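Trainee: I would like to learn how to read a structure, feature by feature. Please take me through this one.

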Amino acid sequence: MDKIKTNFVIIIAISVILCIVLMGYAAGLSSQLGAEKIKTMQLNDQIAGLNAKVNDSQAQLASAVTKANDQTNLVNSLQASVNSLRSSLDTANVELEKLKTAYANLESKLKVQIPVSMPQPAAN
C-alpha cells in the first residue's frame with residue numbers, strides 16, 4: 001500500500017505542479033490578450049479619427065465642387081450675356097450703316113433738288 005500511496009502523492013504533486021504551470025501560462029496569455037485589446041482599442045480610435053478626417057475632407061471636396069459648379073454656371077451665364085451683347089452690337093452696327101447710307105442718299109437727293117445758287121438770308 002505504501003507504494004500506492006507514494007505513487008498517489010507523486011501523481012497529485014505532478015498534477016498540482018502541472019496546474020500551477022498551466023495557471024501561469026493562462027495568466028501570461030490573459031496578459032497578452034489584455035495588451036492586444038488595448039492595442040486594438042488604440043487602433044480603433046486611430047481609425048475613427050481618420051474616418052472623421054475623411055468625412056471632413058469629403059465635405060470640403062463637395063463644397064469645393066459645388067463652388068466650382070456655381071462658378072462654371074456664372075461663367076456660362078456671363079458668356080451668354082456677352083454673346084447676346086455682341087449680337088446686339090452687330091445688329092446696331094448694321095442698322096447704323098443702313099442709316100449712314102440712307103443719310104448719304106438723302107443728302108445727295110437734297111443736293112439735286114436744291115439749286116446750287118441758294119439766296120442767302122439778308123443781313124440786318
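Trainee: Let me begin with Asn69. Is Asn69 buried, exposed or partly exposed?

Mentor: The general idea comes first. Buried means under 20% relative accessible area, exposed means over 50%, and partly exposed lies in between (1.4 Å probe, protein chains only). Asn69 has 43% relative accessibility, so Asn69 counts as partly exposed.

Trainee: What should I know about the model itself?

Mentor: This is a predicted model: local features need pLDDT of at least 70, side-chain atom pairs count only at pLDDT 80 or more, and totals for chains, interfaces and linings use all residues. Residues are numbered from 1 along each chain as its sequence is written, and side-chain values use heavy atoms, with hydrogens and water left out.

Trainee: Where does Asn69 sit?

Mentor: Helices (H or I, at least four residues) and strands (E, at least two) are DSSP runs, numbered from the N terminus. Asn69 belongs to helix α1.

Trainee: How many helices and strands does the chain have?

Mentor: One helix and zero strands. Helix α1 covers residues 2-113.

Trainee: How far is Asn69 from Leu43?

Mentor: In sequence, 26 residues separate Asn69 and Leu43. In space, their C-alpha atoms are 38 Å apart.

Trainee: What is the radius of gyration of the chain?

Mentor: The radius of gyration is taken over C-alpha atoms, and the globule rule is 2.2 Å times the number of residues to the power 0.38. For a compact globule of 124 residues, that would be near 14 Å. The chain has 52 Å. Its C-alpha trace spans about 170 × 30 × 10 Å along the principal axes.

Trainee: What share of the residues is buried?

Mentor: Of the 124 residues, 0% count as buried. Accessible areas come from the Shrake-Rupley method with a 1.4 Å probe; for residues, only the protein chains shown count as cover. The chain exposes about 11,400 Å². Carbon and sulfur atoms supply 66% of that area.

Trainee: Which residues form a nonpolar patch on the surface?

Mentor: Patches are made of residues with over 30% relative accessible area and no salt bridge: like charges are joined within 9 Å, nonpolar side chains (Val, Leu, Ile, Met, Phe, Trp, Tyr) within 5 Å. Here the patch holds Phe8, Ile12, Val16 and Ile20, with about 380 Å² of accessible area together.

Trainee: How far apart are Lys39 and Glu36 along helix α1?

Mentor: They are three residues apart, so about one helical turn separates them. Lys98 and Glu95 are also three residues apart in helix α1, about one turn. Lys100 and Glu97 lie three residues apart in helix α1 too, about one turn.

Trainee: Are the side chains of Lys39 and Glu36 buried, exposed or partly exposed?

Mentor: Lys39 is partly exposed at 47% relative accessibility. Glu36 is partly exposed at 44%.

Definitions and conventions:
A salt bridge is a side-chain nitrogen of Lys or Arg within 4 Å of a carboxyl oxygen of Asp or Glu.
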